[in-house]
Amino acid sequence: MRTAIYPGTFDPVTRGHLDIIARAAQMFDRVVVTVAVNSAKSPMFTTDERLTLVRAAVKEARLPNVTAEAFSGLLVNFARKKKASALIRGLRAVSDFEYEFQMALMNRKLAPKITTVFLMPHEKYTYLNSSIVREVARLGGDVTDLVPAAVARALQQKLKHR
Ligand code: COA
């Protein structure tokens, strides 16, 4: 049983993330999408909301070998607990590389048996990130092509109550 962890803040999960999740689901027996609790960012959505949205997106995409969980603390400890052999990260552009390289090497130092695997999302998602999605939604732009349907609805709801 080969298990991979796909960690991130997912505030909120986008079609770009989902593209990576689907690719990882083809390569591994089980993929655990892990929503970071202790992020340095101050998320728009609570941990529970981000988790619910990841689960809805995975269901919508019909990916039966993908589950989602929240985690806090050191990522490699969570990965060990799940008996994962790989950490998945998406690389969209060269600008992602330095940060990702640093994180991958640090995780390898902490847990030499866990390998970081970089996947490229479809090029139509190269410009996408969660901040851009939140900003477009906040300013009344259409985000339906950028996020799963459940996320588009959640953004609308969240912004209505602001
Ligand atoms: N499509 C669209 N957007 C993508 C994407 C893709 N395929 N891949 C990444 N992104 C975006 C995210 O939306 C996010 O955008 P934002 O900054 O506008 O919100 C950005 O790229 C990077 O975020 P994300 O992939 O969620 O990673 P992160 O940097 O927020 O999360 C953790 C990093 C949580 C994995 C990392 O901090 C961690 O492991 N923390 C645990 C503590 C730990 O172990 N630390 C030691 C690590 S060496």
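This is a predicted model: local features need pLDDT of at least 70, side-chain atom pairs count only at pLDDT 80 or more; totals for chains, interfaces and linings use all residues.
Local features need pLDDT of at least 70, side-chain atom pairs count only at pLDDT 80 or more, and totals for chains, interfaces and linings use all residues. Residues are numbered from 1 along each chain as its sequence is written, and side-chain values use heavy atoms, with hydrogens and water left out.

Five strands form an open sheet in the order E3-E2-E1-E4-E5, with parallel pairing. Strands (E, at least two residues) and helices (H or I, at least four) are DSSP runs, numbered from the N terminus. Pairing requires at least two DSSP bridges between two strands. Neighbouring strands are turned by 30 degrees against each other on average, direction ignored. E1 and E4 pair over two bridges in the parallel sense. Ala-4 stands opposite Ala-86 in E4.

H1 packs on this sheet and touches E1, E2, E3, E4 and E5. Contact means heavy atoms within 4.5 Å. The direction of H1 makes about 125 degrees with that of E5. Helix H4 (residues 97–110) lies across E4 and E5, at about 175 degrees to E4. Axes are lines fitted to C-alpha atoms, for helices over the stretch in contact; angles run from 0 to 180 degrees between N-to-C directions.

The largest nonpolar core has 38 residues. Such a core joins buried Ala, Val, Leu, Ile, Met, Phe, Trp, Tyr and Cys residues through side-chain atoms within 4.5 Å. Buried means under 20% relative accessible area (1.4 Å probe, protein chains only). Val-54, Val-66, Ile-88, Val-143 and Leu-155 touch the most other members. A second, separate core of 12 residues includes Ile-5, Ala-36, Ala-111 and Ile-114.

Methods
Buried means under 20% relative accessible area, exposed over 50%, partly exposed in between (1.4 Å probe, protein chains only).
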